[in-house]
Amino acid sequence: MDNLSSEALKKLVRRAKAGDKEAFSAIYENCFTPVFRYLYLRVKNKTEAEDLAQTVFLKAYQALPGFQEQGRPILAYFFTIARNSLIDHWRKSSDRVEDADEVFKKIPDEKSNIESKLDSKSGFEKIKSAMGNLTEDQQEVLRLKFMSELSHSEIAKIMEKSEEAVRQLQCRALKALRQHLGKMN
């Protein structure tokens, strides 16, 4: 991502909405990588993730005339479309692949020191197994928080939940991971 500010992205959206194709191209260049990474971590297939990312941007482009700013970051808008596209994709396909692998590397938790357990392959497998015991919403919150590095506010908008609900999901997910890891040792 070229690290354009949120305000710069909003200006690009306004220009794109007015018909400036170069502005949408700049939005694409700035938002493609995080959207692709999010999708890739879910489907574990580069081609499939690229196809889904293209679908996300096509949907966003088609919806552009009716787009209205709602005070949320533009990237959160793309993540919402990506999440909904994944749901549609999984409904059409029985080949659902979980993406827990990379999530564990970024879960900060000094109490149980999960990161140190990643040093060994068996520790990684334990964390991956523990992640599988979480609810889909808990897994989603951890993915968006630690892999996509979104704020609680952005996650709340994507998941259509309150910020407090997102915080609770994250707290419960980390607590459940600690408990499962404690039982495995």
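Modeller: Buried means under 20% relative accessible area, exposed over 50% and partly exposed in between, with a 1.4 Å probe and protein chains only. This is a predicted model: local features need pLDDT of at least 70, side-chain atom pairs count only at pLDDT 80 or more, and totals for chains, interfaces and linings use all residues. Residues are numbered from 1 along each chain as its sequence is written, and side-chain values use heavy atoms, with hydrogens and water left out.

Colleague: Which class does Lys44 take, buried, partly exposed or exposed?

Modeller: Lys44 sits in the loop between H2 and H3. Its relative accessibility is 28%. Lys44 is therefore partly exposed.

Colleague: What phi does Lys44 have?

Modeller: Most residues other than glycine have a negative phi. Lys44 is not a glycine, yet its phi is positive, at about 60 degrees.

Colleague: What share of the chain is buried?

Modeller: The chain has 185 residues. The buried ones make up 45%.

Colleague: Among contacts between residues at least 6 apart in sequence, what share joins residues at least 24 apart?

Modeller: Contact means heavy atoms within 4.5 Å. With that cut-off, the share for pairs at least 24 apart is 64%.

Colleague: Which helix has the highest confidence?

Modeller: pLDDT is the predictor's confidence in each residue, from 0 to 100. The chain mean is 79, and 80% of the residues reach 70 or more. Helix H6 (residues 114–117) is lowest, at a mean of 47. The highest mean, 91, belongs to H3.

Colleague: How many contacts beyond four places in sequence does the model have for residues 114–118?

Modeller: pLDDT stays under 50 over this stretch. The model still gives residues 114–118 contacts beyond four places in sequence, and they number 18.

Colleague: At what angle do H3 and H4 cross?

Modeller: Two packed helices are described by the angle between their axes and the distance between the axes. Axes are lines fitted to C-alpha atoms, for helices over the stretch in contact, and angles run from 0 to 180 degrees between N-to-C directions. The axes of H3 (residues 46–63) and H4 (residues 74–92) come within 9 Å. They cross at roughly 120 degrees.

Colleague: What orientation class do H3 and H4 have to each other?

Modeller: Angles under 35 degrees count as roughly parallel, over 145 as roughly antiparallel, 65 to 115 as roughly perpendicular and the rest as oblique. H3 and H4 are therefore oblique.

Colleague: Is the crossing of H3 and H4 left-handed or right-handed?

Modeller: A crossing is left-handed if the near helix is turned anticlockwise from the far one by less than a right angle, and right-handed if clockwise. The crossing of H3 and H4 is right-handed.

Colleague: How many nonpolar residues are in the contact of H3 with H4?

Modeller: Among those in contact are Leu52, Val56 and Phe57 in H3, with Phe78, Ile81 and Leu86 in H4. Ala, Val, Leu, Ile, Met, Phe, Trp, Tyr, Cys and Pro count as nonpolar, Asp, Glu, Lys and Arg as charged, and the others, Gly among them, as polar. The contact has three polar residues, three charged and, as for nonpolar ones, ten.

Colleague: How many nonpolar residues are in the contact of H2 with H4?

Modeller: The axes of H2 (residues 21–43) and H4 come within 10 Å and cross at roughly 35 degrees. That crossing is right-handed. Residues in the contact include Ile27, Tyr38 and Leu39 of H2, and Phe79, Leu86 and Trp90 of H4. One residue of the contact is polar, two are charged, and the nonpolar ones number 13.

Colleague: Which residues does Thr80 touch, leaving out those up to four places away in sequence?

Modeller: Thr80 lies in helix H4. At 12% relative accessibility, Thr80 counts as buried. Its partners are Arg72, Lys157 and Ile158.

Colleague: Which residues of H9 are buried?

Modeller: Six of the eight residues of H9 are buried, so this helix is largely enclosed by the rest of the structure. They are His152, Glu154, Ile155, Ala156, Ile158 and Met159.

Colleague: Is Glu160 buried or exposed?

Modeller: Glu160 lies in the loop between H9 (152–159) and H10 (163–184). Although Glu160 is not a glycine, its phi is positive, at about 55 degrees. At 69% relative accessibility, Glu160 counts as exposed.

How values were computed
Helix = DSSP H or I, 4+ residues; strand = E, 2+ residues; numbered from the N terminus.
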